[in-house]
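My entries follow the model.

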Amino acid sequence: MRSFNSLTSAFSVGLTCLLLPTLVGEEPKIGKPQTLDPIAKLQAEAAATNQATWGHWGPATDKYSSWTTHSNRLIPIYTFGWKLDSVCGENSIYRSPEKLTEVYGFLPTATVNPTADYCDQTDIYRLQQAAIAAGKKRIILFIFDGMDWQSTRAAAIAKTGEVQYDQGRGRGLAFQDYRGVETDFGAMVTSPHNNGTNVNVNKQTVLNPGGSTPGGYDVTRAGATAWAEFPDPLYPNASLESNNHAYTDSSSSATSMTSGIKTYNNGVNVDFSGREVVPLARVLQDDGFAVGVVTSVPISHATPAAAYASNVHRDDYQDLTRDMLGLPSIYHPGGLSGLDVIIGGGWGEPRDKDGAQGDNFVPGNRYLTSEDLAKIDRANGGKYVVAQRTHGRTGEDVLDEAVKQAIAGKHRLLGYFGVTGGHLPFRTADGRYDPVASIGNATTAKAEEYSRDDVAENVSLSRMAVSAVEVLDARSDRWWLMIEAGDVDWANHSNNIDNSIGAVLSGDEAFAELTQWIENHGGWDETCLFLTADHGHYLILDKPEALTGVSPTN
């Protein structure tokens, strides 16, 4: 079996690039090479013409891009140290009108399926609860934001250089192949309570409970498996003239996984009417668990925020961050306890105005105000050792120093990194940091470009994840951690196959590093890892062999 790296290197002979050494001996590559690698070329050509015979995003088969957001397709689940029997197959809530009514608060139309093998997103919450009740002391919820079965397959093909499967769990990625502990594979529905709910962020109230489009999942129109073609291409993106079911956003889906309820799109740990629900991390923290969040995107974006915070709207970033750091917020004027560990992006994103955040928005960093950062820093008497992107220093050096300090004193840790946009630099399929053009709504978008400092002064998701478990483990022998590979979602929103593959591979490397850490620190007896996504997009691979790297044309 030839690796993707060996295949792409064959296309890169004689190319020049900028090389930047790092502390771990690797050489991340930035800047555009003279000749694009095969997958970058596929993306560049598709973005320029909005045509690609090898695949497309959206229901229009004659366009490379006709849909740039989420879809209501089944999402894969991989478990490690736990099984799915209690929620899938004959135990699926989708076989029972009574259980569906209990979860949704109403019986969704055309959703009962007597032969359903899939479970529901809220079952991820119940699986974590069951693992803890059974005595598991270390719980990891690993979310590849926006990674559906099709995105996973694309990355596996690119990594191995072969089209190895067309259904099922698949193989080629670390999380597909790992067998160091009992593992299971299944699929889940991600549809929310509703879409179209309006809120008042200043008053933290819901204005029209129930919204405009209810949730549900019609297997006859969306398919019975995660790899099935859509029987009705307009159904997954709610484009029908009638009888639509809402597709989820990240805040609703993350709330389902962390709090076990269905809520409206944009709600963070509140129910459909705006009433607070308490996420698992806060319950566990009250019971002595250390709790943390790691993300490759801004720390208070929807998915990481839902690990701990509450708000009627996901875009109230500064207040969500306050919840996460234990500061008084608009939803919790008395403040919460705050996460033990937060490592992610958001650094360097200034805004003078942000109407979505309400009247209490503070000009400056969009996600974390300078005043709040000063309050929580141990240097000023706060609770957190702070590691943030620092000019002239490698991100790994900055983070490692803070981790050592946090472990030595059993302190909390905040790691704050990023580039323009608030995320980590986007990695591409060949391991470089040199995205080519994206496409959205048939309009080619300029590719992001990174300086050598952008790469050197940031850290990988792998490094963030291992740093987090080390600090959590020093604070308690019982801990819960959410890890989010959030750049998968950003890539898929951009309809960028090169960025999408790179993001999945980056997250997959973090998984591999985590499993190695677990094996070296007590093994799996007291550990469970649940790996999934919060929703899918609308990628269709018509000729998956094009992603093997063998042919540079589409």
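I began with β20 and found both of its faces covered. Trp479, Leu481 and Ile483 lie on one side, Trp480, Met482 and Glu484 on the other, and all are buried (under 20% relative accessible area with a 1.4 Å probe, protein chains only; exposed is over 50%, partly exposed in between). In a regular strand the side chains alternate between the two faces of the sheet.

I noted that the model is predicted: local features need pLDDT of at least 70 and side-chain atom pairs pLDDT 80 or more, while totals for chains, interfaces and linings use all residues. Residues are numbered from 1 along each chain as its sequence is written, and side-chain values use heavy atoms, without hydrogens and water.

Since 6 of the 6 residues of β20 (residues 479–484) are buried, I describe this strand as largely enclosed by the rest of the structure. Strands are DSSP runs of E, at least two residues, and helices runs of H or I, at least four, numbered from the N terminus.

I then looked up the pairing (at least two DSSP bridges between two strands). β6 (residues 138–143) runs parallel to β20 over 6 bridges, with Phe142 opposite Ile483. β12 (residues 290–298) also pairs with β20 in the parallel sense over 6 bridges, and Thr295 has Glu484 as its bridge partner.

Last, I examined the lining of the second largest pocket, which divides into 10 nonpolar, 4 polar and 5 charged residues. I counted Ala, Val, Leu, Ile, Met, Phe, Trp, Tyr, Cys and Pro as nonpolar, Asp, Glu, Lys and Arg as charged, and the others, Gly among them, as polar.
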